[in-house]
Amino acid sequence: MANSNDKSKIHQIEITSLTDDIITFVLYNSNYGMANAIRRIILSEVPTLAIDIVNVYENTSAFHDEFIAHRLGLIPIDSRNIKQYEFRELCKCRETCSKCTIQYILEVQCKNRDKLEVTHYDIEFTGNEPNIPMPIPQGNKKKMNKNNIINNDVNDNYNMNNLDNDDNIKLENAIPIVSIAKNQMLKMKLIATKGIGKMHAKWIPGNVSYRIDHKVIIKHNLIDKLPREHKLLIINNLTNDCYTIQKENKNNGYNDNNRYDNVNGYDDDENAYDDIDITKKDIQLKLNENMSVVMAQNCIDLLNELGYKDIIKVVFDETKFHFKVETIGSMPPEQIVEMAMEILEDKLRSLEPKIKASFYSIEEVATQLKEQGVSLYGIDLDLD
Ligand SMILES: [Zn+2]
């Protein structure tokens, strides 16, 4: 991501937290262009797999074919090995091949009971190839949560196949597709292909947002000098995490009957006031510098209304961006970011020669200017 020789200006990323679903990172020494490029590439150009074509052979459920097809399209499919797949329209095969399409079958029938939940675990791969990407959360009909036995929820297929009793248990983390009633059935062929968010939202790998870095600068000594009622107004306008109230001499004159919420008839759920002793003349209010921009602005507006200026200031750092990327489940969040970076690099790499081709080189410009008697920097006028 380096595009400058000056090391202090190299775009840098620091990962601040990483879980199975969410990655947060800080982008340093950067700018809005870069931050937005990363965001937009994640949303529209990182490829994933999704069910794109549904052939319906039998659907006697209460829901029509398109509704079910739409739901199937939104089920995340394991896309960790997405690079091994080719976009269908770019694939060299004539119609379909294992490089560009994955075929599943969804065949469920409700036989011996009133209702059956069809979930993503019912989607099966029919071929024999190993390591076929399957819908996420991954697993099969045997992946059960043994603590959630629901007698009604016995899947007929399991009985038919004479599987263990463990299989007659509610499926864990199942993504529901449709409920079918007695004697209803579904039989569909599902075709998953590689795609990007630009083509359809079902291929979007996750959610991404960023916010610009900010600092809330508070003149604490001026806050201390505010009258008690103004401090209470500030507290009233902020959420609990934006301030702390330091209690002075707890034992001195503290009386339950004088608790702020009781005396002033505030609702009991205004817990923020529970610790404030209003018999005291002063409240030791300490505002939190980590408060959000919205809260800080709230506070600034209030102080302005009360006639105070410049007690709180919000300063933005337009070179630092806080990112949050949350996967829909088809690939780990760090992979989404990594792939977005690769795509951005590829784009820049293909852009560079095009820019060079469309402009004169420095040498060419210098020669041309020299021919006109002007040097490149306009200093040395060579009028020979
Ligand atoms: Zn193909």
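Student: How many helices and strands does the protein have?
Tutor: There are nine helices and twelve strands. Helices (H or I, at least four residues) and strands (E, at least two) are DSSP runs, numbered from the N terminus. This is a predicted model, where local features need pLDDT of at least 70, side-chain atom pairs count only at pLDDT 80 or more, and totals for chains, interfaces and linings use all residues. Residues are numbered from 1 along each chain as its sequence is written.

Student: What does the protein average for pLDDT?
Tutor: The average is 81, and 77% of the residues score at least 70. The term pLDDT is the predictor's confidence in each residue, from 0 to 100. Over residues 142–169 the value is below 50, and that stretch has 32 contacts in the model beyond near neighbours in sequence. Two residues are in contact if their C-beta atoms, placed from the backbone, lie within 7 Å. Residues 249–272 also have pLDDT under 50, with 22 contacts beyond four places in sequence.

Student: How should I read places where pLDDT is low?
Tutor: Where pLDDT is low, the predicted coordinates should not be read in detail.

Student: OK, helices now. How many residues does α1 have?
Tutor: Helix α1 covers residues 32–44, which is 13 residues. From its first C-alpha to its last it reaches 18 Å, close to the 18 Å expected at 1.5 Å a residue. That expected span is 1.5 Å times one less than the number of residues.

Student: Which residues of α1 are buried?
Tutor: Ala35, Ile38, Ile41 and Ile42 are buried. Seen down the axis of α1, these buried residues fall within an arc of 135°, so they line one face of the helix. The arc is that of the directions from the helix axis to the C-beta atoms. As for the cut-offs, a residue is buried if 20 or more other C-beta atoms lie within 10 Å of its own, exposed if 12 or fewer, and partly exposed in between, with C-beta atoms placed from the backbone.

Student: Why do residues three or four places apart point the same way in an α-helix?
Tutor: An α-helix has 3.6 residues a turn, so residues at that spacing point the same way.

Student: And what do the buried residues of α1 pack against?
Tutor: They pack against β2 (22–28), β9 (206–218), β12 (312–327) and α8 (333–358). On the other side of α1, Tyr32, Gly33 and Asn36 are exposed.

Student: Is Gly206 buried or exposed?
Tutor: Gly206, which is in strand β9, is buried, with 26 other C-beta atoms within 10 Å. Leaving aside neighbours within four places in sequence, its contacts include Ile42, Val325 and Ile336. The C-alpha atoms of Gly206 and Gly329 are separated by 7.8 Å, although the two are 123 residues apart along the chain.

Student: New topic. How many residues are in the largest nonpolar core?
Tutor: It has 27 residues, and among those with the most contacts inside it are Ile51, Leu72 and Ala192. At least two residues of this core come from each of β3 (48–59), α2 (65–73), β4 (101–109), β5 (115–119), β7 and β8. A second, separate core of 17 residues includes Ile23, Phe25, Met331 and Ile336. By definition, a nonpolar core is a set of buried Ala, Val, Leu, Ile, Met, Phe, Trp, Tyr and Cys residues joined through C-beta atoms within 7 Å.

Student: What about Thr193, where is that?
Tutor: Thr193 sits in strand β8, residues 185–195. With 23 C-beta neighbours inside 10 Å, Thr193 counts as buried. Not counting residues up to four places away in sequence, Thr193 touches Asp52, Arg88, Cys100 and Thr101.

Student: Where is the cis peptide bond that has Pro137 in it?
Tutor: It joins Ile136 and Pro137, with omega about 0°. Pro137 is in the loop between β6 (123–125) and α3 (156–161). Asn131 lies in the loop between β6 and α3 too, and its phi is near 55°, a positive value in a residue other than glycine. Most residues other than glycine have a negative phi, and most peptide bonds are trans.
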